[in-house]
Amino acid sequence: MNPKERVITEFKRKYNQDPKWVVRSPGRVNLIGGHTDYNDGFVLPMAINYATWIALRPRSDKKVVVRSLDLDGRIEFDLDDFENTDSGWGEYVKGIAWALLEDGLQLSGWEGVLSGNVPIGSGLSSSAALELSVAKAFSLTSGFSWDVLKISKIAQLAENDWVGMKCGIMDQLISAAGEKDHALLIDCRTLESSPVPLPAGTAVVVLDTNTHRGLVDSAYNERREQCESAAEFFGVSKLRDVNLDEFHKRETEMDPLSRKRARHIITENDRVQKSAEAMKNGDAQLLGNLISAAHKSISEDYEVSSKELDLIVEIALEQPGCFGSRMTGAGFGGCAVALVDEDQLDSFVTNIMGQYKNKAGLEAKVYVSRACEGTSVIEM
C-alpha cells in the first residue's frame with residue numbers, strides 16, 4: 001500500500017469518515033549545486049516521485065493533532081500555547097505553525113494522519129516534504145493563500161529558527177514549486193526559477209549508501225560559517241558575488257582552508273549554470289561531466305563527502321551508460337545521484353547494488369526517480 005492509500009485508509013478507520021483533503025509534498029534530489037544555496041548561488045534540483053502525504057480535516061478549536069504511521073508517534077498541541085520540546089518529527093509540525101504565526105497569519109486547528117516514502121536521513125529532504133505538506137494543511141484549514149515563494153520562506157524559517165538547521169531555501173522551494181519532467185534552475189538570491197528539461201533518453205538514479213547523518217549535529221553549520229568568513233575576505237556579502245577570475249587573482253592570499261571552501265562554491269556556481277545550458281541543449285554527456293566534476297570538488301575542497309559516498313560514485317562512473325555521478329544533499333552520508341542512459345538502466349542498478357555490497361559491506365538502496373510536480377492537494 002502506497003503512502004496515499006495508507007493515510008486515507010487509516011483516516012477512515014480512525015475518524016469513520018473520509019478526510020476533507022489529502023495533501024502531498026515531494027522530496028527532492030539536487031542534480032548539481034552543492035552547498036551553493038546558502039551562499040546566494042545557483043542550484044538545479046528536481047522534485048521526485050517520493051513524497052509525504054497527509055489526510056486531514058479541520059477542527060473547530062485551535063488544536064493540531066497529527067499521527068505518523070511511519071514513526072509510530074502522535075503529536076498534539078494548542079496553537080495558542082505551545083513550545084519547543086525537541087520531540088523529533090513533531091517539531092517540524094510545530095515549527096511551521098510558529099513560523100506562520102510569526103508572519104501574522106491566523107491559524108485554525110486540524111487533525112490528520114501522516115505517511116511518506118522519502119527516505120529519512122538520506123539527503124532527499126524528507127524534512128522539506130514534511131514542512132510543505134504541513135504548511136499546505138494549514139493553508140487549507142486556515143484559508144490563507146498559497147504563495148509559493150512566501151510559503152517556502154516561512155518553511156525555511158521554521159527549519160532555521162525552530163528546528164535549528166541553518167539550511168538554505170532550495171529544499172523548501174523545489175518541494176513547493178517542482179515541475180513534471182523538469183529540474184528547476186533556482187537563483188537562491190532572487191528566488192527566480194526556470195524549468196530545465198532533462199536530456200532525452202536519460203534517467204536520474206538516486207543511490208542511497210545506507211549511511212545516515214544528523215545534519216543539525218554535523219559540520220553543516222561550520223561550513224556555512226567558513227563561507228561567510230571567505231566572503232568577508234573578498235569584501236562581499238556572499239560568495240555568489242565572487243567570479244572565477246577574482247578568485248584566481250587573490251586565492252594565494254587566503255589561508256588554505258578558506259581557499260578550498262571558496263573554490264568549491266565559486267566553481268560550483270559556474271558548473272550549475274553550464275549544466276542548465278547543457279540540459280537545454282540536450283547534451284547528456286556534458287551534463288554528466290559537470291556532475292562528476294562537482295563531486296570531486298565537494299569531496300576534496302568542501303570535504304563533506306564520506307568514504308561510502310566516494311565509493312558509490314566511483315562504482316557508478318565505472319558502469320556503461322553512466323554519464324556522471326555526484327554526492328547529493330548536504331553530505332556526511334546519505335545519497336549520490338547518477339545520470340544514466342535509460343537503455344542501460346537495469347544493468348546499472350544491478351551492478352551498483354552488487355559491487356557496492358562487495359566493497360562496502362552495505363546494502364545500497366537505489367531509487368529511479370521521475371521529476372514530479374511540487375506540493376498538491378486532493379479534495380475528497
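Good morning, colleagues. Let me open with a pair of residues, Arg271 and Glu268, both of which are buried. The model before you is a predicted one. In it, Arg271 and Glu268 form a salt bridge, with their closest N and O atoms 2.9 Å apart. Both residues belong to helix H8, which spans residues 256–280, and they sit 3 residues apart, about one turn of the helix.

Helix H8 also holds Lys280 and Glu277, again 3 residues apart. These two form a salt bridge as well, the closest N and O atoms being 3.5 Å apart.

Over the whole structure, the search finds 27 salt bridges.

Finally, I come to a pair of helices. How do H2 and H4 cross? The axes of H2, residues 90–102, and H4, residues 148–163, come within 8 Å and cross at roughly 120°; the two helices are therefore oblique to each other. The crossing of H2 past H4 is right-handed. Among the residues making the contact are Tyr92, Ile96 and Trp98 of H2, and Ile151, Leu157 and Trp162 of H4. By type, the contact residues comprise 12 nonpolar, 1 polar and 4 charged. Thank you for your attention.

Terms used. Residues numbered from 1 in each chain as written. Predicted model: local features only at pLDDT ≥ 70, side-chain atom pairs only at ≥ 80, totals over all residues. Heavy atoms only, no water. Axes fitted to C-alpha atoms, helices over the stretch in contact; angles between N-to-C directions. Helix = DSSP H or I, 4+ residues; strand = E, 2+ residues; numbered from the N terminus. Parallel < 35°, antiparallel > 145°, perpendicular 65-115°, else oblique. Left-handed = near helix turned anticlockwise from the far one by under 90°. Contact = heavy atoms within 4.5 Å. Nonpolar A, V, L, I, M, F, W, Y, C, P; charged D, E, K, R; others polar. Salt bridge = Lys/Arg side-chain N within 4 Å of Asp/Glu carboxyl O. Buried < 20%, exposed > 50% of the residue type's maximum accessible area, 1.4 Å probe, protein only.
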